[in-house]
Amino acid sequence: MKNDDSTVSTGYQSDRVYIFDTTLRDGEQSPGATMTLQEKVRLARQLELLGVDIIEAGFPAASPGDFEAVRAVSETVTNCQVAGLCRAVAADIDRAWEALKHAANPRIHVFLATSPIHMEHKLRKTPDQVLEMAEKAVRHAASLTKNVEFSAEDASRSELPFLAKVVETVIDAGATTVNIPDTVGYIQPGEYANIIRYLAENVKNINKAVISVHCHDDLGLAVANSLAAVKAGARQIECTINGIGERAGNTAMDEAVMNLNVRSDYYQCNCGIITEQLYPTARTLSHIIGMPIPANKAIVGANAFAHESGIHQDGVLKCRETYEIMDAASIGKTGNDMVLGKHSGRHAIKAKVEELGYTLNDDQITIVSDAVKKLADIKKEIFSEDVEAIVLEEIFRMPDKFKLKYLQVHAGNGPIPPNASVIMEVNGEDKQLHNFGVGPIDAVFNTIGTISGCKPDLEQFSVNAITGGTDAQGEVTVRLRRNNYTAIGRGADPDILVAAGKAYVNALNRLAKKVEENHA
Ligand SMILES: CC(=O)SCCNC(=O)CCNC(=O)[C@H](O)C(C)(C)COP(=O)(O)OP(=O)(O)OC[C@H]1O[C@@H](n2cnc3c(N)ncnc32)[C@H](O)[C@@H]1OP(=O)(O)O
Ligand SMILES: CC(C)C(=O)C(=O)O
């Protein structure tokens, strides 16, 4: 892409929608989303891979840090335009240009509010003064680059004839993109579409600029509003990764883009995003800012391609499209998830059992299915190892090698270190030992491990209260690994240390069976 008129003034009614990413600017205005310079450069590289058209890298006049970040991104990125935001004042514009001028494709982004409330109470200017400021600022920016965007802040609450006058004036002054923000997330989709149509019909030079939209999610309508505007003729969507941004956030890029893709029959436009990079980019941002992606978020949420209920799982196993309008691979995920739980049916359980390498008859599937549902009532997540444990336990049960017969633990912060006394049956013979540990659980596992003659790695340890109150039955789950074999073990008891001992012995038995089977 070159920084010349042909790329920045495609105009109204082209079928190409430009994706303007403002994660590094508006996104960073999200409380808790501050990024270091290195993190911004890392994200900018990922945005380039994703195929965004424009990266808004920051607000150079805001601080020396923002200035350096915009400069660093400008010097790093070659395939996208890089924009810097500034107020309609010469000093901000000059500062922005200083940071942007080394970019392959720089864009100066000037904004000024046009709504009565912002002009009167915030700017304390008359409409005529605002018009003059806008024209002067854009003219100044256009003397530095041909790629100038003007945003009429709070456009959605502006009087339309005045908004049209401002837009026409800034296009004459050299703006090649005119952005019509819904700054406070107030507008409704139909109303927003009407504003875009009004400008398209009433601004005589509108074909010299791209109409852009920038929405906020205060009423949860940022994506819907952006898409309604595109349907009405807007051709640039300003958005962020995971929808982060000031207050409730901005338009989520993944959602806007996948709407354009999945419903291309409706929108009849395209964008340059490599959709397979959407999920990796969402994860990258989430790691950088430490903000988890909500599990139920559309497109990139953990549950977006997960099926838990039996009827859906059965449908998807027979024909994916029965319950999926997109392929997980199209956003860069390895595949969908069949989550086993209390709503799962026999088809999904059979598929999981087969995936684990077991062939069971209908009666055996019924037994496993009943056991999975029973377990799901007391356990939030059912792992593959849980299903395997059920199969081994309920279908292929062999006598246990190890049996826990007695456990006494000494704990506390006194002078004697935590220690455990254990009596265990090993292949029918009683063995006993007393051993220490860093804590009581460590003492229990050390002692049992030593008696059993194998000390596998402990990969997971979790405690759940099965019932309520201080007398609750506790359930401990452990996952042990020995070389290439893993096994889950569970134990329940009102005493959490005894539950832990039972779980450890349970996992040891399963591990021993797996090793025996594979060496038989
Ligand atoms: C809708 C948006 O997201 S707009 C972008 C919002 N982002 C930010 O504000 C982050 C960066 N901002 C900053 O670092 C600071 O606000 C700065 C450096 C820009 C200005 O800081 P200060 O000089 O301390 O001013 P402060 O922020 O308190 O007030 C803003 C001033 O800019 C004026 N102003 C606001 N918008 C504009 C504009 N688009 N063009 C010209 N002046 C503007 C205000 O009227 C106010 O002027 P006043 O001092 O004459 O009353
Ligand atoms: C500066 C503009 C684009 C903005 O962030 C808004 O109006 O919300």
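This is a predicted model: local features need pLDDT of at least 70, side-chain atom pairs count only at pLDDT 80 or more; totals for chains, interfaces and linings use all residues.
A residue is buried if 20 or more other C-beta atoms lie within 10 Å of its own. Asp 217 counts as buried because it has 22 C-beta neighbours inside 10 Å. Now pick Gly 245, which is 28 residues away from Asp 217 along the chain. The C-alpha atoms of Asp 217 and Gly 245 are separated by 8.9 Å.

Is His 216 buried or exposed? It has 25 C-beta neighbours inside 10 Å, so His 216 counts as buried. Not counting residues up to four places away in sequence, His 216 touches Asp 182, Thr 183, Val 184, Gly 185, Ala 222, Gly 245, Glu 246, Arg 247, Ala 248 and Asn 250.

Move on to Asn 250, in the loop between strand E8 (236–239) and H10. Asn 250 counts as buried because 34 C-beta neighbours lie inside 10 Å. Outside the four places on either side in sequence, the contacts of Asn 250 include Asp 26, His 216 and Asp 217. Also among them are Thr 22, Gly 27, Cys 215, Ala 222 and Cys 239.

**The two ligands**

Select ligand 2 and show what lies around it. The residues there are Asp 26, Phe 111, Ser 151, Glu 153, Asn 179, Pro 181, Thr 183, His 214 and His 216. How many residues of each class are in this shell? The shell around ligand 2 has two nonpolar, five polar and two charged residues.

Then go to ligand 1, which is surrounded by 15 residues. The closest are Phe 59, Ala 62, Arg 87, Ala 88 and Leu 112. Strand E4 (106–113) and helix H5 (116–123) are the elements that give two or more residues to this shell. By class, the shell around ligand 1 has eight nonpolar, two polar and five charged residues.

**The whole chain**

Zoom out and colour by domain. The domain assignment gives domain 1 (5–289), domain 2 (306–395) and domain 3 (402–519). UniProt, in an unreviewed entry, lists residues 17–279 as "domain: Pyruvate carboxyltransferase". Select residues 17–279: the chain here is 44% helix and 16% strand. The end C-alpha atoms of this stretch are 20 Å apart.

Last, look at where domain 1 meets domain 2. The C-alpha centres of these two domains lie 44 Å apart. Nine residues of domain 1 are in contact with six residues of domain 2. Which elements give two or more residues to the side of domain 1 that touches domain 2? They are helix H10 (253–262) and helix H12 (278–289). By class, that side of domain 1 has five nonpolar, two polar and two charged residues.

Terms used:
Residues are numbered from 1 along each chain as its sequence is written. Chains are lettered from A and ligands numbered from 1 in the order in which they are written. A residue is near a molecule or strand if its C-beta atom, placed from the backbone, lies within 6 Å of it. Ala, Val, Leu, Ile, Met, Phe, Trp, Tyr, Cys and Pro count as nonpolar, Asp, Glu, Lys and Arg as charged, and the others, Gly among them, as polar. A residue is buried if 20 or more other C-beta atoms lie within 10 Å of its own, exposed if 12 or fewer, and partly exposed in between; C-beta atoms are placed from the backbone. Domain bounds come from an automatic or database domain assignment. Two residues are in contact if their C-beta atoms, placed from the backbone, lie within 7 Å. Helices (H or I, at least four residues) and strands (E, at least two) are DSSP runs, numbered from the N terminus. UniProt positions are given in the numbering used here, feature names are shortened, and annotations may be inferred rather than shown by experiment.
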